[in-house]
Amino acid sequence: MKFNLEGKNAIITGGGSGIGKAIAIALADQGALVHILELNESPAKETAREIHQRNGSAIAYSCDVSNQKEVQKLIGEITKTKALDILINNAGIAHIGDVETTSEEDLDRVYNVNIKGVYNCINASIGAMKENGGVIINMASVAATVGISQRFAYSMTKGAVLTMTYSVAKDYLDFGIRCNSISPARVHTPFVDGYLKKTYPGREEEMFEALSKTQPIGRMGRPEEIANLVVYLCSNEASFITGTDFPIDGGFIRLNG
Ligand SMILES: NC(=O)c1ccc[n+]([C@@H]2O[C@H](COP(=O)([O-])OP(=O)(O)OC[C@H]3O[C@@H](n4cnc5c(N)ncnc54)[C@H](O)[C@@H]3O)[C@@H](O)[C@H]2O)c1
């Protein structure tokens, strides 16, 4: 079977919702044991329940990726008896605003999850990957490359995700660890629904259409489309790929304008 992940030990952050949930399910469908790290345990448990119903293997944990002690303790336990094969840094949060309307607290909040969270998880995992090699995938965004308007802090953090990816890929080449990032344009998840509800109350449908059209392909992505790319990048079929960012964006970066 191609894209086989049978027996692989995988960690995914933010696997209780949206893109992360789809990735957790897709990895388990290919045979991986998936450890789901979530801010609150209940959405992680719900994803694990769905995976079990599909005869897959998953365990749910509550863990705030921005808290280094918590991350080190948990990942230390997960990797105590079994080496780690796959780490997916997916958890992320957004903030709307330009440089003037982004406060220091806003900047720190987004930094702590989107940058420090990625650092914390790689830092805690890489030792358990060094012996047998492995795969790290970081969720960046088209914002990392083009800088989306009114997303000052978010774009900044996703730019850092991109460069952390290149740096880790280079430093761990000799250990057989491949590190890549994925840059989606808008994907229809609770992240987007929450934004529309908060920012355009009563106009959600109209704005959903407008946001859909910002992708030249005419719609938002689906979480499963991102998950399929993750499965490929985690598999042996992608063994020649490291230190690269993969836009999956309906033409957003290259075809707009
Ligand atoms: N949806 C999009 O349009 C889009 C586009 C480009 C990139 N992304 C990126 O993809 C990733 C997933 O986005 P999504 O749309 O599925 O979001 P989502 O809000 O649906 O899910 C994110 C999950 O991360 C979890 N999380 C947040 N902070 C956490 C923390 N400190 N510790 C542990 N878990 C935490 C949340 O509880 C949530 O379950 C994010 O990194 C986001 O920036 C999303």
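**Pocket and ligand views**

**View 1. Lining of the second largest pocket.** Thirteen residues line the second largest pocket, and those nearest its centre are Lys8, Gly133, Gly134, Val135 and Asn236. This is a predicted model, in which local features need pLDDT of at least 70 and side-chain atom pairs count only at pLDDT 80 or more, while totals for chains, interfaces and linings use all residues. Residues are numbered from 1 along each chain as its sequence is written, and side-chain values use heavy atoms, with hydrogens and water left out. A pocket is an open set of points on a 1 Å grid over the protein atoms alone, where a 1.4 Å probe fits and protein lies on both sides within 12 Å along at least five of seven lines; lining residues have an atom within 4 Å of a point. The second largest pocket holds about 190 Å³ of space (the space filled by probe spheres set on the points, which are joined across faces, edges and corners). Its lining comprises three nonpolar, seven polar and three charged residues (Ala, Val, Leu, Ile, Met, Phe, Trp, Tyr, Cys and Pro count as nonpolar, Asp, Glu, Lys and Arg as charged, and the others, Gly among them, as polar).

**View 2. The largest pocket has a volume of about 1200 Å³.** Of the 44 residues that line the largest pocket, Gly92, Ile93, Ala94, Tyr154 and Phe191 lie nearest its centre. Two or more lining residues come from each of α1, β2 (33–38), α4 (104–125), α6 and α7 (helices, H or I, of at least four residues and strands, E, of at least two are DSSP runs numbered from the N terminus). The largest share, seven residues, is contributed by α7. By class, the lining has 24 nonpolar, 13 polar and seven charged residues.

**View 3. The ligand sits in the largest pocket.** To sit there, more than half of the atoms of a molecule must lie within 2 Å of the grid points of the pocket. Around the ligand are 27 residues, of which Ser17, Glu38, Asn90, Tyr154 and Thr189 come nearest (a residue is near if one of its heavy atoms lies within 4 Å). This shell contains 16 nonpolar, seven polar and four charged residues, and α7 gives the most to it, with three residues.
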